[in-house]
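Reader: Please take a close look at the aromatic rings in this model. Where do charges sit over them, how do they pair, and what surrounds them?

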Amino acid sequence: MRPAVVLVGAGPRGTGLVERIAANAPELYGDAPLDLHLVDPYPPGGGRIWRRDQSPLLWMNSTAEDVTMFTDASVEQLGPVRTGPTLAEWAAQVRAGTVSVPGELAEAVRGLGPQGFAGRQVQSAYLEWVYEQAVAALPPGVAVHQHRRRAVRITGPQRGRQQVWLEGSSTPLAADLVVLTLGHLDAQPPPEQRALAAFAARHHLSYLPSGFTADTDLDGLVPGEPVLVRGFGLAFVDLMVLLTEGRGGSYGTGPDGAPVYRPSGKEPALYVGSRRGVPYHSKIGYTWQGERPPLPRFFGPAQVDELLARPGGFDFRRDAWPLIDKELGFAHYHRLFTAHPERVRADRAAFEEKYAAAGPLSAELRTLIAAAVPDPADRLDLDALDRPLAGVRHPGADSLQSGLRGYIEADLARRHDPAHSPDLAVFLALLSVYGQLVRLGDHGPWWHGFFSYLASGPPGPRLRQLLALSRAGVVRFLGAGTTVTADPERRAFLATSDTVPGVRVEARALVEARLPQPTVTETKDDLLRRLHDDGAASTGSGLLAVDPRDGRVLDRAGRPHPRRFALGPHTDARASGAFARPRTNAPAFRQNDATARALLRFLREHAAPEPARRPPR
């Protein structure tokens with residue numbers, strides 16, 4: 001039989017792995033035969049999340065010039081670099097006529113500049129093009145087979161071929177190796193959400209648990225009726241768009257140039273709150289100029305090696321977080337000294353020497369910073385950033401609306417003003433930290449929420465629309481520490497918050513505007529759940545345990561499976577995304593390259609390829 005590899009998941013991560021197989025095959029596998037099976041019910045390239053079949057109103061939350069699917073010289077990998085266009089460069093090729101897109105997307109692509117935010121349908125077309133390029137670059141001995149079905153189980157001995165069972169098929173795919181590149185998955189609701197769903201069913205209320213907004217049926221949310229929304233991140237932004245513009249509303253321009261919302265009359269009234277009570281920070285609206293901070297400095301390979309070598313293990317908040325705080329602070333103050341020297345009162349070299357010597361989170365470090373940076377607004381306070389409404393109290397709901405609009409306006413102004421360029425330095429440091437954390441495995445969900453809040457927020461235009469919706473009364477803010485309870489007497493949901501004590505909001509509809517936690521213990525995916533039931537290890541947070549070097553799935557004794565691999569958010573080596581910013585040594589690209597090389601080496605050594613043939617693609 002011909003050697004075979006099955007990739008379960010043909011979205012961006014699976015596409016990136018195909019690209020790395022194509023790049024490394026000439027060195028490690030030559031022109032030997034290979035069957036490459038891609039299993040996914042959704043189209044290859046975009047997969048489920050980035051498929052073209054979704055609302056054209058939904059955007060990406062990164063600028064076109066900051067999205068790429070191709071490695072560059074910054075990526076620390078053993079395989080060759082094969083450069084390719086960013087999303088912005090690809091759009092320029094479309095405009096130049098060297099790349100074609102479906103006619104209905106042509107106008108959207110023509111209007112996409114480097115600093116623009118592409119619609120997800122446009123990103124889907126880019127990913128489809130990348131997939132086609134990756135397949136075309138495979139050696140002639142590789143045959144690609146697409147299976148538009150779900151994989152439901154993997155069986156087979158460690159030392160023999162694996163069987164991948166597909167939904168609706170009685171004959172499994174035989175494979176020498178299997179790689180799970182599943183991307184984001186649905187999950188079973190946690191106990192609190194299950195209880196709220198049962199309450200809603202008993203009293204004929206509308207309740208939508210955590211899920212992907214583009215796939216959620218919103219028809220049960222009645223026009224004009226209040227809807228409680230828990231979650232203020234990107235899932236909320238999608239919900240906001242689909243329930244306003246998606247129901248016929250539109251935006252005009254007011255006398256001050258700010259957007260003004262024109263309701264259609266079909267919108268519900270959205271009451272939104274969360275733990276922080278504020279939306280994610282706006283995307284930064286300017287580009288880097290000048291000297292970059294030398295990263296990593298205080299949280300790099302040496303520090304990660306030391307944490308991994310501790311006999312008793314390490315605690316993320318106790319052992320890793322102080323180093324991360326110091327790393328982010330170093331980037332912030334390095335930029336402040338180099339780009340805004342008029343706002344500091346010390347020599348940079350002397351300050352950085354003392355900064356390096358001071359202990360993380362120490363009183364000595366705080367004293368040093370206070371003496372060198374006279375304006376408290378120029379100092380980095382991560383705790384204050386994480387909880388901006390801590391201790392803030394408003395006398396009533398109307399006061400909160402005005403106060404939070406002021407907060408959002410200030411955030412937009414700051415994130416689009418290069419005078420605050422240390423914010424961009426902290427963003428670059430966050431990317432550096434994320435790249436190091438991949439080696440540490442599962443460190444709990446808090447860090448991912450913090451990272452997304454600071455570094456992966458919505459485009460500025462979305463927050464301006466949020467302000468317009470607030471002024472129009474379509475969106476009302478609940479505040480920080482929002483809690484929702486079920487009231488059986490009133491047969492309704494009740495929301496309260498710490499920010500406006502004593503105020504309760506009653507509604508017959510509740511939406512959990514939060515993504516499901518990517519766990520194997522609570523996933524709705526049959527394949528992952530059965531893989532765990534059959535002995536694959538999971539971490540304390542429920543993630544699939546893998547070898548950080550190449551993604552091999554670990555069993556509960558910590559032993560890597562020789563023929564099963566996994567990449568993506570359901571693993572404890574999850575990276576920040578399947579595609580990344582150019583020139584950032586993206587962790588996902590490093591993982592893809594290491595896994596592709598492990599696959600090809602195994603095939604060369606164990607699958608005994610026969611002489612090369614040229615099967616049809």
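Author: R462 holds its charged end over the ring of W59, 3.6 Å from the centre. A charge counts as over a ring if NZ of Lys or CZ of Arg is within 6 Å of the ring centre and within 35 degrees of the ring normal. R276 lies over the face of Y453, at 3.9 Å from the ring centre. The model is predicted: local features need pLDDT of at least 70, side-chain atom pairs need 80 or more, and totals for chains, interfaces and linings use all residues. Residues are numbered from 1 along each chain as its sequence is written, and side-chain values use heavy atoms, without hydrogens and water.

Now the ring pairs. The whole structure has 23 aromatic pairs (Phe, Tyr or six-membered Trp rings, centres within 6.5 Å; planes under 30 degrees apart are stacked, over 60 edge-to-face, the rest tilted). F70 and W129 pair edge-to-face, at 6.4 Å centre to centre and 70° between the planes. F70 is in the loop between β3 (59-63) and α2 (87-96), and W129 is in helix α4 (residues 120-136), so their pair ties together parts 59 residues apart in sequence. Helices (H or I, at least four residues) and strands (E, at least two) are DSSP runs, numbered from the N terminus. Both F70 and W129 are buried (under 20% relative accessible area, 1.4 Å probe, protein chains only).

Technical notes. Buried means under 20% relative accessible area, exposed over 50%, partly exposed in between (1.4 Å probe, protein chains only).
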